[in-house]
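Trainee: Could you take me closely through one part of this model, the place where the two chains meet? I would like one connected account of it.

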Amino acid sequence: MTDITPSERVDRNALVLAIWMPAGFLGALLLRYGTLNNHAWWTAAGFGVIVVAFIGHILVNVLTRTTFTPGETAFGGVLLGVAILALLLGRLTMPERVDAAIFMTIGLGLTSLVVSLVVYLLIAFGPRRTLEKFDVVRDNNQRPASHLPRRGRRE
Amino acid sequence: VTLLLLTVLALIALYSIYVASRTARTQSVPTAFLDAAGALPGWVTIFLLPGLVIAVLGLERHIELTSRFGLQASHIAIGLVPVAITALLVWNKIWFATRVAGLSTPAEAIGRYFDSVALRIVVIVLAILFALPFAANLLSDAAQLVERATDGAIGRAVAVWVIATVMAVAAIIGGWRAIIMTVAMQSLLILVFFPSVAILGEILIDESGFPATPIAVADGVLWDRLAGVVQPVSGVGKETPAAGLFSAVGVASSVLVLIGAVVNPAALYFAQTLRPGSGVAISTVWLTAGFAAGCLLLAVPLVAVRMVDGSIEFAQQLYAMEPLAGVIVLAMVFNSIILAFSFFVSSGAILVTRDVLIRYLLPQLSARGQRLTARVALGFGFFLVAFLGSFLPLFTAIAASVVMPLAVQLLPALFGLTFLSFISRGAVLAGLTLGCLIVIFTEPLGIIVFEALFVDLPWGRWPLTIHSAAWGLVFNVLLVLLASTASLKSAARYERDRLHRAVRASAGDSPRGTVELGVLFLIWSFLAYGPGAVLGNTFFSDPIFTTLTPILGIPSLWVWQILFWLIGVLQVWLLAYKAGFGRLSTEQIKPIEFGVARPRKDSDWLTTGIRRLT
């Protein structure tokens, strides 16, 4: 998060939560109904609501000149990871419940979330800085020489 | 429903306490607890108004009235356009007046502008009426909803105290800023949930809905048209209007009550504490006149057909198909009540703290002392409301009925403060007294007491199906105009003019096209919800300009409502963006010392001009 006052940070966090409260509830409703009743369009609508809320969150970031907080990143990452894992495990262990149609719909929905995230990162940081965010090996080099420009200027 | 509903309610409570605790930690000065340092966040400005107006309208009540009277009742929703226009006009001017003359609360603004302690007291009493009987009635309704939704597992009295305690804790911790952020979140929740409920109902329930199925109303009630221009009945309780409660004039008078949502002391205080920016424009144009009005006009008839037996039954019907859908219905209705409850109690307690406790009783308090006083007042306020809500529900219901119409009687005073400097103190006081008396005697509060003590009155509630607010306001305005003409050249006028000039100068460019917009608004009002609205009854189904009969498939009045809603949004847009009322800016503000009467002196330009010639 960039330099904003504590008061502005509270405003921003309250707004983010205010966006996710109704969107999360509505998304959960649509996803639940779509998955349990095998209605692909409902599931797609559920992911649509989540993507819209995600876009809303990004807009808040832009307007308040901030980025995702570490807590938000961790929470989102864990949720996405758990969802992907649950989908794969469900398909492997309960193929009769998680049939091809449900697998495809939820899989595409999760992919759309990942794509949204990637598009956001590319627009916000550009390709180079986006890759650097995931370049753990480069960041592991603690030697002072690694900060020299000709050695890649690691931050 | 119980567990899921309680989870949603717990989430809302957690949000309010989280925001309150974070706000408390970041407050730079203790007095920011009372006024958010005059810088409420922009997003709050954007989202709060539509939810507040829907809450004041009473979402469940509005749907119930529509299911009883059809489109004539849902026609009131077009009133969100004049509400948005009033908010733009009044909030803009009072915001600038606050910055220019240091008028920090509505009571101070009106009291100092008219140099009247009586008017200051009137505004404080109104704030208390909103904070106590009005809010207690809302709390009682919310608790009743919880009791019915949980099949009595949570009793009404328990629900009253739990809700009041949770809201009180959040308010006591975080103050004005935290309260308003929670209310704005609840407003956003309603704005998302309400159209969702309408869509879910249409998709999940098999039976065909509106407009294929007409709204089932009692015999004789015209569900698809307004009940004439005016109905010659002596009033509700004495005589039943056969064609329905909502004639064109009846709708217009109900629209006036909606305007009370933005001219009551709490809403004015909210406007005074806004941050500069264009949030008011976005809120009024796109969310209030646009989205909220559209949702109400389009979706309420759909929901009304399905919600004939009430929100609980409708929720249970949806719950059988998808549990979360049922919970959404209840969460929406609950939020629409709690939003207004929390807003009015908190603002009432804060206004009493500032205007009575700090100003008169404890003027030497330090900043920390002021914050502590406000916290005690908030706790006491919530306790009183919970007490009234749990033990005196009938009294609060009767008293609550007059509160909003009484707030509307402030309109002449507010237009004096914001636009019409010729309106004088005496005129406002006389008009207000007459208007309030008429309101009380055209509502159950006055009628019941008078008839119990003396003789039966020849009229009932809302004679001629015209709302008490309109009866009061008509005579109020007439008296104000008449009395003001007698004091056009008083010395106090000079000081009032000085404030108006300073406010105009601070607002920057003078508004453009306001006269044209005013004329357009009058024509639009006449056709949209005035006597001309009866043309919409058959305008599209049986047009007068051709002998052909079009097969529309939907009621003509519904088309009329949608058409005038769209034109209304255009008007609000013009007023906000083109005339410039949607912009709040501190760039050109030049504070003045206001409130000290100065002797009137001859203008020196005449003397200077003559001296130059000679």
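**The interface of chain B and chain A**

Mentor: In this predicted model, about 2,200 Å² of area is buried between chain B and chain A, and carbon and sulfur atoms give 79% of it. On the side of chain B, the residues that lose the most area to chain A are Trp43(B), Glu322(B) and Leu324(B), which together make up 21% of what that side buries. Counted by contact, 31 residues of chain B meet 20 residues of chain A.

Turning to polar features, the rule finds 3 salt bridges across the interface, and 6 residue pairs of chain B and chain A are in polar contact, with both residues at pLDDT 80 or more. The elements of chain B that give two or more residues to the side touching chain A are α1 (2-26), α3 (42-57), α9 (156-204) and α14 (323-361), and α9(B) supplies the largest share, 11 residues. By residue type, that side of chain B divides into 24 nonpolar, 3 polar and 4 charged residues. A salt bridge joins the side chains of Asp11(A) and Arg177(B), at 3.0 Å from N to O.

Asp11(A) is also touched by Trp43(B), whose other contacts beyond four places in sequence include Ala14(A), Leu15(A) and Ala18(A) in chain A, and Tyr15(B), Met181(B), Ala184(B) and Met185(B) in chain B. Trp43(B) is, besides, among the residues with the most contacts inside the largest nonpolar core, which has 230 residues, and Trp91(B) and Phe194(B) are also among them. The largest share of this core, 26 residues, comes from α9(B). Another core, of 9 residues, lies apart from it and includes Val51(A), Val98(A), Ile102(A) and Leu113(A).

Key
Residues are numbered from 1 along each chain as its sequence is written. Chains are lettered from A and ligands numbered from 1 in the order in which they are written. This is a predicted model: local features need pLDDT of at least 70, side-chain atom pairs count only at pLDDT 80 or more; totals for chains, interfaces and linings use all residues. Side-chain values use heavy atoms; hydrogens and water are left out. Contact means heavy atoms within 4.5 Å. Buried area is the accessible area (1.4 Å probe) that two parts lose on being put together, summed over both. A salt bridge is a side-chain nitrogen of Lys or Arg within 4 Å of a carboxyl oxygen of Asp or Glu. A polar contact is a pair of N or O atoms within 3.5 Å; within protein, one must be able to donate a hydrogen and the other to accept it, and residues adjacent in sequence count only if both atoms are side-chain atoms. Helices (H or I, at least four residues) and strands (E, at least two) are DSSP runs, numbered from the N terminus. Ala, Val, Leu, Ile, Met, Phe, Trp, Tyr, Cys and Pro count as nonpolar, Asp, Glu, Lys and Arg as charged, and the others, Gly among them, as polar. A nonpolar core is a set of buried Ala, Val, Leu, Ile, Met, Phe, Trp, Tyr and Cys residues joined through side-chain atoms within 4.5 Å. Buried means under 20% relative accessible area, exposed over 50%, partly exposed in between (1.4 Å probe, protein chains only).
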